[in-house]
Amino acid sequence: TVWDQMCNIFGPNAPELHWDTKDLYYPENVEVFYETRHIENGKLSYDGDVLDISELEDKLKDGWDESWVDSYVDYSKPLHPAYKSVNTSKTLLQVLQEPGHVVPWIPIFYILAKGTKVYDDF
């Protein structure tokens with residue numbers, strides 16, 4: 001589970017985290033988020049553009065075609081991601097298969113210590 005992974009990274013038997021000088025990163029004090037895009041009414045929103053999910057599935061069913069991605073995605077447009085809190089009792093696969101969410105390109109996870117300015121600003 002994600003909890004097991006947090007215990008491996010931040011638990012008492014994990015290697016020392018030299019950058020965590022305040023000892024705020026431990027399993028019970030971190031929250032995990034992942035970056036996502038939301039699907040609403042069968043459409044994936046990309047900064048004002050809308051892509052029909054069935055179109056996306058058709059494009060990707062024969063494998064990843066970077067030329068199509070590059071023609072669809074305007075990299076000059078800002079991405080406005082959403083962040084979803086991870087249920088740490090789930091496996092990584094279960095998190096990535098959450099219904100109604102799309103992980104953009106690669107899974108991006110944020111692990112934040114509660115009670116920090118970064119956590120509060122996030």
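Tutor: Asp23 sits in the loop between α1 and β1, where helices (H or I, at least four residues) and strands (E, at least two) are DSSP runs numbered from the N terminus. Its phi is near 55 degrees, a positive value in a residue other than glycine.

Before we move on, a word on how to read all this. The model is predicted, with local features requiring a pLDDT of at least 70 and side-chain atom pairs a pLDDT of 80 or more, while totals for chains, interfaces and linings use all residues. Numbering starts from 1 along each chain as its sequence is written, and side-chain values use heavy atoms, leaving out hydrogens and water. As for pLDDT, the predictor's confidence in each residue on a scale from 0 to 100, the protein averages 77, and 60% of the residues score at least 70. Confidence is highest in helix α1 (residues 2–10), with a mean of 96, and lowest in strand β2 (residues 43–46), with a mean of 52. Where pLDDT is low, the predicted coordinates should not be read in detail.

The largest nonpolar core has eight residues: Val2, Met6, Phe10, Val30, Val32, Tyr34, Val86 and Val95. The elements that give two or more residues to this core are α1 and β1 (30–40). Here a core is a set of buried Ala, Val, Leu, Ile, Met, Phe, Trp, Tyr and Cys residues joined through side-chain atoms within 4.5 Å. In soluble globular proteins, nonpolar side chains tend to be buried together.

Leaving aside residues up to four places away in sequence, Val30 touches Met6, Phe10, Tyr25, Ile111, Leu112, Ala113 and Lys114, a contact being heavy atoms within 4.5 Å. Further along strand β1 comes Thr36, which counts as buried at 0% relative accessibility. Thr36 lies 72 residues from Ile108 in sequence, yet the two are 8.5 Å apart in space, C-alpha to C-alpha. Across the protein, 67% of contacts between residues at least 6 apart in sequence join residues at least 24 apart.

Next, the aromatic side chains. Phe33, Tyr83, Tyr110 and Phe122 form one aromatic cluster. Rings of Phe, Tyr and Trp (its six-membered ring) pair if their centres lie within 6.5 Å, and planes under 30 degrees apart count as stacked, over 60 as edge-to-face and the rest as tilted. The count by this rule is seven aromatic pairs. In one of them, the ring centres of Tyr83 and Phe122 are 4.8 Å apart and their planes stand at 55 degrees, so the pair is tilted. This pair links distant parts of the chain, 39 residues apart: Tyr83 is in strand β4 (residues 82–85), and Phe122 is in the segment after α5 (117–121). Tyr83 is partly exposed at 38% relative accessibility, and Phe122 is partly exposed at 38%. Phe122 also pairs with Tyr110, with centres 5.5 Å apart and planes at 45 degrees, so this pair is tilted. Since Tyr110 belongs to strand β6 (residues 109–113) and Phe122 to the segment after α5, the pair ties together parts twelve residues apart in sequence. Tyr110 is partly exposed, with a relative accessible area of 27%.

Helix α5 brings us to the charged side chains. Asp121 and Lys117 both lie in α5, four residues apart, about one turn of the helix. They form a salt bridge with the closest N and O atoms 2.7 Å apart; the term requires a side-chain nitrogen of Lys or Arg within 4 Å of a carboxyl oxygen of Asp or Glu. Both ends are exposed, Asp121 at 56% and Lys117 at 62%. The whole structure holds two salt bridges. Glu98 and Lys90 also meet in one, at 2.5 Å, N to O; there Glu98 is buried at 16% relative accessible area, whereas Lys90 is partly exposed at 27%.

Methods:
Buried < 20%, exposed > 50% of the residue type's maximum accessible area, 1.4 Å probe, protein only.
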